[in-house]
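Grab a pencil and let's work through some exercises together. Each one gives you a task, then a solution that goes step by step.

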Amino acid sequence: MEIMVFFSLLFLVCSVSTNQTEADNEIVDQQISNQQPCQQDIHAVLREMAVSLAEQKIEIRTLKQDNQEHVTKLERQMTELERQKAEIEHLKQQSKVKQVAFSASLLEGGYGYTGPFNVQITLVFRRVITNIGNAYNPQTGIFIAPVRGAYHFEWHLHGHAYKSHPIAGVLFRNGEHIFLAFELQASGTVSTSCGTSLLLEPGDQVSLRLWAHARIFDGVNHDTNFSGHLLFTV
């Protein structure tokens with residue numbers, strides 16, 4: 001009897017164990033079955049993310065290219081604007097320097113003689129009547145050409161006759177003797193004058209020098225004077 005009960009219990013335990021193992025196997029299979037779709041979903045999401053990232057990179061690269069094009073275009077516009085400003089300023093300067101003229105007499109006031117000297121000296125015409133363009137310097141007596149062009153100069157000298165002292169003045173360009181106005185007589189009032197047109201480069205210097213041993217006079221009538229003006233640019 002006891003043996004029968006023992007075998008009955010053993011059979012029951014084996015049956016329960018077998019059923020439990022089958023149930024566990026079913027659960028594992030179900031988990032594996034559930035994991036497979038989940039992994040597929042993850043791969044799909046990763047692929048979508050990779051595609052989206054690639055598209056974003058392309059979009060960023062396109063935006064950078066567009067931005068660089070805008071920067072390059074802006075730089076070209078700024079360069080063109082600076083060029084136009086420089087051209088306008090150049091035209092303004094050209095317009096200004098085309099207006100060049102001066103006229104001055106020797107003494108600023110009163111009357112008196114200048115000379116004689118043993119060597120030539122630069123005459124400084126201090127009483128400025130006109131100095132458009134400020135090309136003439138009343139402190140040095142030198143005219144400096146502001147632009148390349150044709151200029152006309154005239155000088156008139158006055159004095160009183162003296163047998164050993166002529167009335168004479170010579171025009172110089174950069175140290176080059178150009179023309180001489182000269183008059184010598186024994187008595188009376190003496191005047192001499194001369195004029196010339198010169199092609200000057202920017203920076204060329206023109207001045208009038210008193211001839212060695214010459215003597216000139218200037219007074220209230222401003223008889224001794226020096227003038228010049230730009231005829232046209234070249």
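This is a predicted model: local features need pLDDT of at least 70, side-chain atom pairs count only at pLDDT 80 or more; totals for chains, interfaces and linings use all residues.

**Exercise 1. Work out which helices and strands the protein has, and in what pattern they follow along the sequence.**

Step 1. Count the elements: there is one helix, plus 13 strands.

Step 2. Now read along the sequence, and you get the pattern α-β-β-β-β-β-β-β-β-β-β-β-β-β. The helix, H1, takes up residues 2-97.

Step 3. Of the 234 residues in the protein, 25% are buried. The accessible surface comes to about 15,700 Å², and carbon and sulfur atoms own 57% of that.

**Exercise 2. Find the order of the strands in the open sheet of five strands, and say which ones stand at the edges.**

Step 1. Start with S1, residues 101-105. S1 pairs with S4 (residues 127-132) in the antiparallel sense, over five bridges.

Step 2. Look for another partner of S1. Strand S13 (residues 225-233) also runs antiparallel to S1, and five bridges join the two. Here alanine 104 has phenylalanine 226 as its bridge partner, and serine 105 stands opposite asparagine 225.

Step 3. The order is S4-S1-S13-S7-S10, with antiparallel pairing.

Step 4. Check the ends of that row. S4 and S10 each have a single partner strand, so one side of each is left without a neighbour in the sheet. From one strand to the next, the twist averages 10°.

**Exercise 3. Decide whether histidine 158 is buried or exposed, and list what it touches.**

Step 1. Compare its accessibility with the cut-off. Buried means under 20% relative accessible area. Histidine 158 has 11%, so it counts as buried.

Step 2. List the contacts, skipping neighbours within four places in sequence. Histidine 158 is in contact with Ile167, Thr189, Val190, Ser191, Ile216, Phe217, Asp223 and Thr224.

**Exercise 4. Find the salt bridges and say where their partners lie.**

Step 1. Get the count: there are three salt bridges. As a reminder, side chains of opposite charge can pair when their charged atoms come close.

Step 2. Take the pair in the helix. Arginine 83 and glutamate 80 meet in a salt bridge at 2.5 Å, N to O. Both lie in H1, three residues apart, about one turn of the helix. Arginine 83 is partly exposed at 44%, and glutamate 80 is partly exposed too, at 33%.

Step 3. Move on to arginine 148 and glutamate 201, whose side chains meet at 2.7 Å, N to O. This pair links distant parts of the chain, 53 residues apart: arginine 148 is in the loop between S6 and S7, and glutamate 201 is in the loop between S10 and S11. Arginine 148 counts as partly exposed at 32%, as does glutamate 201 at 33%.

Step 4. Finish with arginine 173 and glutamate 176, which form a salt bridge at 3.1 Å, N to O. Glutamate 176 has a relative accessible area of 39%, so it is partly exposed.

**Exercise 5. Which residues does proline 116 touch, not counting residues up to four places away in sequence?**

Step 1. Find it: proline 116 is in the loop between strand S2 (112-114) and strand S3 (121-122).

Step 2. With 36% relative accessibility, proline 116 counts as partly exposed.

Step 3. Read off the contacts: proline 116 touches His165, His213, Ala214 and Arg215.

Step 4. Look at one of these partners in detail. Proline 116 and arginine 215 are 99 residues apart in sequence, yet their C-alpha atoms are 4.9 Å apart in space.

How values were computed
Residues are numbered from 1 along each chain as its sequence is written. Side-chain values use heavy atoms; hydrogens and water are left out. Buried means under 20% relative accessible area, exposed over 50%, partly exposed in between (1.4 Å probe, protein chains only). Contact means heavy atoms within 4.5 Å. Two strands pair if DSSP finds at least two bridges between them. Helices (H or I, at least four residues) and strands (E, at least two) are DSSP runs, numbered from the N terminus. A salt bridge is a side-chain nitrogen of Lys or Arg within 4 Å of a carboxyl oxygen of Asp or Glu. Accessible areas come from the Shrake-Rupley method with a 1.4 Å probe; for residues, only the protein chains shown count as cover. Axes are lines fitted to C-alpha atoms, for helices over the stretch in contact, and angles run from 0 to 180 degrees between N-to-C directions.
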